[in-house]
Amino acid sequence: MQGSKRQNTTDWLISQNKYQSKKTNQKAKTISITAGKGGVGKTSVSVKFARMLADKGYKVLLLDCDYNLSNTVVKLGLPVTNQFYELISAQKEFEDCVYKEGNLHLLSGCNGNIDLFNKSLEIDRIIIDILVNHEKDYDYIILDCPAGITKETLTLNAYSDYRFVVVTPDKSSVTDSYSLIKILNKEFGVNDNHLLVNKISSDAQYQRMVKTLSETVESFLKCRLHILGKIEKVEVPVDQFDSLLLDQANSSLHKNFTKLISKFTEEIEGTSGRDESPMYAKFSSRAQNENRFTI
Ligand SMILES: Nc1ncnc2c1ncn2[C@@H]1O[C@H](COP(=O)(O)OP(=O)(O)OP(=O)(O)O)[C@@H](O)[C@H]1O
Ligand SMILES: [Mg+2]
């Protein structure tokens with residue numbers, strides 16, 4: 001039963017042409033920012049990574065997969081809209097639903113949209129359909145995933161080229177992320193993930209977490225955990241965190257992110273052997289709605 005379920009998922013992922021995309025170097029690298037537990041910093045990491053990659057000259061799409069509790073717009077200080085619903089119900093084109101700030105494009109979700117709430121959606125397929133139609137136009141696509149281990153979220157994680165599992169020193173965060181990595185491995189055949197430790201208070205604490213998690217994952221699951229790095233816990237009032245995150249380029253928080261991004265881009269440029277130069281020229285005006293998955 002498990003085997004056939006996995007086979008179906010694998011067939012479907014292949015049918016979405018994902019494996020071919022890895023060979024052709026024509027498409028964006030998709031990164032899921034994910035975690036078992038809520039509140040660990042997924043949206044903060046997504047928004048900051050997207051902004052910094054865009055500042056480096058890459059063309060970036062940030063896609064909010066928390067599709068009816070969207071927080072990316074809130075963090076960026078933008079208004080909440082219903083454009084995600086309008087896109088997937090074919091009332092609007094992708095181009096008209098994306099907020100653009102230089103190289104950074106944002107497809108936000110809705111927030112408490114009743115029509116969206118009342119639809120029974122295969123949100124994983126809808127989002128993968130959006131990716132398939134637009135991954136040629138970007139260097140990176142960042143998926144800000146909702147917390148938890150729903151089938152939909154894990155399918156999006158499995159579809160992605162990279163998964164950044166965000167963990168905090170809270171024991172339940174570690175336990176829940178281990179569960180996420182385990183199900184990704186057992187049900188989807190995913191055997192490598194990146195670990196990003198957020199809200200760290202000391203280097204000793206970070207080292208302990210890395211040791212515990214990587215040993216557990218490697219010995220019990222035979223999975224690889226790439227250690228991306230840490231982000232310190234900053235002691236600012238909660239309502240000032242977002243402006244520190246996005247505005248203060250000289251803060252130690254910003255320096256933490258600079259290190260993480262350099263490590264990641266060096267890793268993938270070093271190992272893939274692919275040309276990683278930004279693809280501005282590839283931002284084509286091709287028809288966007290072929291094969292669109294609508295509700
Ligand atoms: N490094 C940090 N230091 C201090 N506070 C942080 C840090 N990272 C995130 N936070 C705070 O943690 C809270 C949760 O952050 P965020 O919304 O990014 O998490 P999330 O994982 O996306 O949550 P959800 O599961 O609800 O989507 C926010 O109040 C944010 O300000
Ligand atoms: Mg979030």
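Residues are numbered from 1 along each chain as its sequence is written, while chains are lettered from A and ligands numbered from 1 in the order in which they are written. In this predicted model, local features need pLDDT of at least 70 and side-chain atom pairs count only at pLDDT 80 or more, whereas totals for chains, interfaces and linings use all residues.

The mean pLDDT (the predictor's confidence in each residue, from 0 to 100) is 85 for the protein, and 83% of the residues score at least 70. Residues 17-24 stay under 50 and have eight contacts beyond four places in sequence, a contact being two residues whose C-beta atoms, placed from the backbone, lie within 7 Å. Residues 272-295 also have pLDDT below 50, with 36 contacts beyond near neighbours in sequence.

Around ligand 1 stand 18 residues, of which Gly38, Lys42, Thr43, Ser44 and Phe241 come nearest; a residue is counted if its C-beta atom, placed from the backbone, lies within 6 Å. Two or more residues of this shell are given by each of α3 (42-55) and β7 (192-200), these elements being DSSP runs numbered from the N terminus (helices H or I, at least four residues; strands E, at least two). Helix α3 supplies the largest share, three residues.

Helices α8 (residues 151-159) and α9 (residues 171-188) have axes, lines fitted to C-alpha atoms over the stretch in contact, that come within 10 Å and cross at roughly 75°. Leu154, Asn157 and Ala158 of α8 meet Ile183, Leu184 and Phe188 of α9.

How values were computed: Axes are lines fitted to C-alpha atoms, for helices over the stretch in contact, and angles run from 0 to 180 degrees between N-to-C directions.
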